[in-house]
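This report concerns charged pairs and a surface patch in one protein model. The sequence and the coordinates are shown first, and the discussion follows.

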Amino acid sequence: MKLIDVYLNAVRKGMSKDPRTMPEIREEFNKARKEYRKMAGPDRRAFDKERFTNPYADTRILYGDPQIDVKTIMVGIDMESPEILTADRLNDKGSPVDLVMAHHPEGAAWANFYDVMKLQVAMLAKVGIPKEIGEAMLKERMGEVERAVAPANHLRSVDIARLLDIPYMCCHTPADNHVASYLQEIFDKIHNG
């Protein structure tokens, strides 16, 4: 399987368990396109075009040729510089690691992950909290998270992956969507059963 396929499958499967409807997700894509069309110069060049097809700012290919073949993946919750170095050593010792995949966001995905907190509005709506109240509840917290991650060294582990030529990606919200969906099914069975 190609790295791009691993990534796209993660995004698609995450959307299949998203608490939002597909029209709501498509509206996010449309907002991103409208925002992009209004931009010019460096802002337009720096715009994350993945937002046109991926609603999860915390899920990205961080480094690597998207067309590389992936047969073995080293997966973990926090896959940072030590784990990337471990993958490199395993490769040297004959145990191939084609991709390091982190659950928690790194790189640009970490720098913008507060953006996916908007998803919690949809989760709150599913349990009966009106959208306006959910948005008000999350607004302050999203600002806090944005300010907290702004000064961090987001690219440290991505730079290590680049230096060692180890493909690297993260998959946060799609995985969380599966966990939330699984737990909701259990709760529904208990409540209805």
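A salt bridge is here a side-chain nitrogen of Lys or Arg within 4 Å of a carboxyl oxygen of Asp or Glu. Side chains of opposite charge can pair when their charged atoms come close. The model under discussion is predicted, and the structure holds seven salt bridges.

**A pair across the sequence**

K2 forms a salt bridge with D69, and the closest N and O atoms of the two are 3.0 Å apart. Because K2 lies in the segment before α1 (3–16) and D69 in the loop between β1 (59–63) and β2 (73–76), the pair ties together parts that are 67 residues apart in sequence. K2 is partly exposed, with a relative accessible area of 27%. D69 is likewise classed as partly exposed, its relative accessible area being 43%.

**Pairs within helices**

R89 is joined to D92 by a salt bridge in which the closest N and O atoms are 3.8 Å apart. The two residues are three apart in helix α4 (residues 81–92), so about one helical turn separates R89 and D92. R89 counts as partly exposed at 44% relative accessibility. For D92 the value is 56%, and this residue therefore counts as exposed, given that exposed means over 50%.

A further salt bridge links R162 with D159, with the closest N and O atoms 3.0 Å apart. Both residues belong to helix α8 (residues 156–164), where a spacing of three residues corresponds to about one turn of the helix. R162 is partly exposed, with a relative accessible area of 43%, and D159 is also partly exposed, at 33%.

| Salt bridge | Closest N and O atoms |
|---|---|
| K2 and D69 | 3.0 Å |
| R89 and D92 | 3.8 Å |
| R162 and D159 | 3.0 Å |

**A nonpolar patch**

Which residues form a nonpolar patch on the surface? The patch is formed by V179, Y182, L183, I186, F187 and I190, which together have about 590 Å² of accessible area. One of these residues, I190, lies in helix α9 (residues 173–192). I190 has a relative accessible area of 63% and is therefore exposed.

Note on methods. Residues are numbered from 1 along each chain as its sequence is written. This is a predicted model: local features need pLDDT of at least 70, side-chain atom pairs count only at pLDDT 80 or more; totals for chains, interfaces and linings use all residues. Side-chain values use heavy atoms; hydrogens and water are left out. Patches are made of residues with over 30% relative accessible area and no salt bridge: like charges are joined within 9 Å, nonpolar side chains (Val, Leu, Ile, Met, Phe, Trp, Tyr) within 5 Å. Accessible areas come from the Shrake-Rupley method with a 1.4 Å probe; for residues, only the protein chains shown count as cover. Helices (H or I, at least four residues) and strands (E, at least two) are DSSP runs, numbered from the N terminus. Buried means under 20% relative accessible area, exposed over 50%, partly exposed in between (1.4 Å probe, protein chains only).
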